[in-house]
Amino acid sequence: MDQKGYVMSGLTILLIIPVFLLIAVFVDMVHTGSETQSLGVQSDVTFYTAKDIEGNMPILTEKILQKTTDNVVKTGIPLTDSRNTIKNSLQEEMNQLSERYGSSENINATCKVWSVNPTSDPFKIEVNSTIYVQKGNIAHDEHISQNISIIDLNYPVQDPLPFIKCKNYGKITNTSTKISYGSSLASLLKAKHLKNANVYENATSPLFIKKCPYDPYIGHGNSPYFVVLKNCIDNGYFHESSDGSCFLCRLEGKTTCSHYGFETFIVPSNFSNSRLMFAPCSSEHVIFDDYVYSGKGIIYYSDDSNYFKLFLDNGHRQKYGLPMY
């Protein structure tokens with residue numbers, strides 16, 4: 001081969017080398033791109049799985065609150081530690097949910113429920129948890145605190161306190177909206193040697209916990225003929241109260257507690273006359289307490305032959321904007 005041929009061969013090799021380099025770079029870019037895309041998919045999966053678990057927490061909590069309360073209502077037996085009871089039940093549900101992700105999506109998911117507590121809003125409870133999700137090389141770890149309603153219409157919660165307190169004093173029944181005490185409440189009050197306990201024969205109170213929309217509460221007494229107060233009683237509403245117990249403590253049979261709670265009215269049966277002046281106060285946290293005080297009767301509605309009364313002390317009258325005595 002002459003000198004010219006050697007020069008051409010050398011040039012050909014030099015030209016081919018960049019082609020191989022470009023191919024190698026392209027293959028590496030494709031490989032890197034695939035890895036990046038895979039990591040991106042894993043990242044999306046872990047994030048949305050964590051959010052799905054977080055979104056299921058309120059629903060599962062509300063179901064547990066309803067089931068737990070229904071059992072207390074049915075038996076009349078209070079819980080010894082409502083926060084731990086609900087926490088443990090919720091942990092079981094979250095464990096089952098996490099296992100379903102592992103079996104169907106090949107994801108390592110856990111949710112540790114740390115605590116269940118009252119909140120500054122007595123119609124909500126606080127649930128603290130940590131969610132951990134891992135898929136491949138991507139992990140998501142997040143601590144969350146959620147305030148969960150106890151008054152969701154999909155999972156209505158009954159008031160457990162009357163069923164606990166009246167358990168040993170006679171039959172107490174519940175209709176679709178009300179608790180009917182029969183003779184049980186009057187028997188409870190007679191056992192405490194309280195004057196005029198008979199006014200609570202066949203008394204009623206709300207069955208399901210519902211927040212009163214008439215806020216501020218002082219407006220209950222401002223309308224002509226106590227229309228707002230009557231509507232509140234007819235609809236069975238509950239009111240925020242620093243004296244009444246919170247929901248979690250109600251499950252333990254407590255009438256008062258250190259948390260911000262709520263209260264409702266226990267309504268005597270109608271009267272054929274308006275002369276009775278004093279009887280045990282119609283606020284349920286007073287009636288069920290160990291130290292019951294009296295209230296003066298106030299007629300909030302009457303027809304041709306019946307008078308409908310509440311018996312309220314001046315503290316409760318002031319709260320609801322009713323005339324003092």
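**Close-up views of a predicted model**

**View 1. Ile298 sits across from Leu310 of strand β11.** Residue numbers start from 1 along each chain as its sequence is written, and side-chain values use heavy atoms, with hydrogens and water left out. Strand β11 spans residues 307–312 and pairs with β10 in the antiparallel sense, over 6 bridges. Here, strands pair when DSSP finds at least two bridges between them. Strands (E, at least two residues) and helices (H or I, at least four) are DSSP runs, numbered from the N terminus. To walk from β10 into β11, follow the hairpin of 4 residues that joins them. Strand β10 (residues 294–302) also has an antiparallel pairing with β9 (residues 278–280), this one over 3 bridges. Look there for Ala279, which faces Gly295 of β10.

**View 2. Strands β4, β5 and β6 form an open antiparallel sheet of 3 strands, in the order β4-β5-β6.** At its edges you will find β4 (173–174) and β6 (204–206), each of which pairs on one side only. Strand β5 covers residues 178–180 and is joined to β4 by 2 antiparallel bridges. A handy landmark is Asn174, whose bridge partner in β5 is Ile179.

**View 3. A second open sheet of 3 strands has the order β1-β2-β3, again with antiparallel pairing.** The edge strands are β1 (108–118) and β3; each has a single partner strand, so one side of each lacks a neighbour in the sheet. From one strand to the next, the twist averages 15°. Strands β2 and β3 run antiparallel and are joined by 12 bridges. Among the residues to look for is Ile125, which stands opposite Ile148 in β3. Helix α2 (residues 82–105) lies across β1 and β2, and it runs at about 165° to β1. For such angles, axes are lines fitted to C-alpha atoms (for helices, over the stretch in contact), and values run from 0 to 180 degrees between N-to-C directions.

**View 4. Ala139 is found in strand β3, which spans residues 138–149.** Is Ala139 buried, exposed or partly exposed? Ala139 counts as partly exposed because its relative accessibility is 46%, the class between buried (under 20% relative accessible area) and exposed (over 50%), with a 1.4 Å probe and protein chains only. Setting aside neighbours within four places in sequence, Ala139 is in contact with Tyr132, Val133 and Gln134; contact means heavy atoms within 4.5 Å. Val45 is 94 residues away along the chain, yet the C-alpha atoms of Ala139 and Val45 are separated by 9.8 Å.

**View 5. The model holds 1 cavity of 30 Å³ or more.** A cavity is a set of points on a 1 Å grid over the protein atoms alone, where a 1.4 Å probe fits but cannot get out, and its lining residues have an atom within 4 Å of a point. The largest cavity has a volume of about 40 Å³, where volume is the space filled by probe spheres set on the points, with grid points joined across faces, edges and corners. Its lining consists of Pro118, Thr119, Asp121, Pro122, Lys124, Ile125, Cys246, Phe247 and Leu248. Both β2 (124–135) and α6 (247–250) supply at least two residues of this lining. By class, the lining has 6 nonpolar, 1 polar and 2 charged residues. Nonpolar covers Ala, Val, Leu, Ile, Met, Phe, Trp, Tyr, Cys and Pro; charged covers Asp, Glu, Lys and Arg; the others, Gly among them, count as polar.

Notes
Predicted model: local features only at pLDDT ≥ 70, side-chain atom pairs only at ≥ 80, totals over all residues. 1 Å grid on protein atoms, 1.4 Å probe; cavity = no way out; pocket = protein on both sides within 12 Å on 5 of 7 lines; lining within 4 Å.
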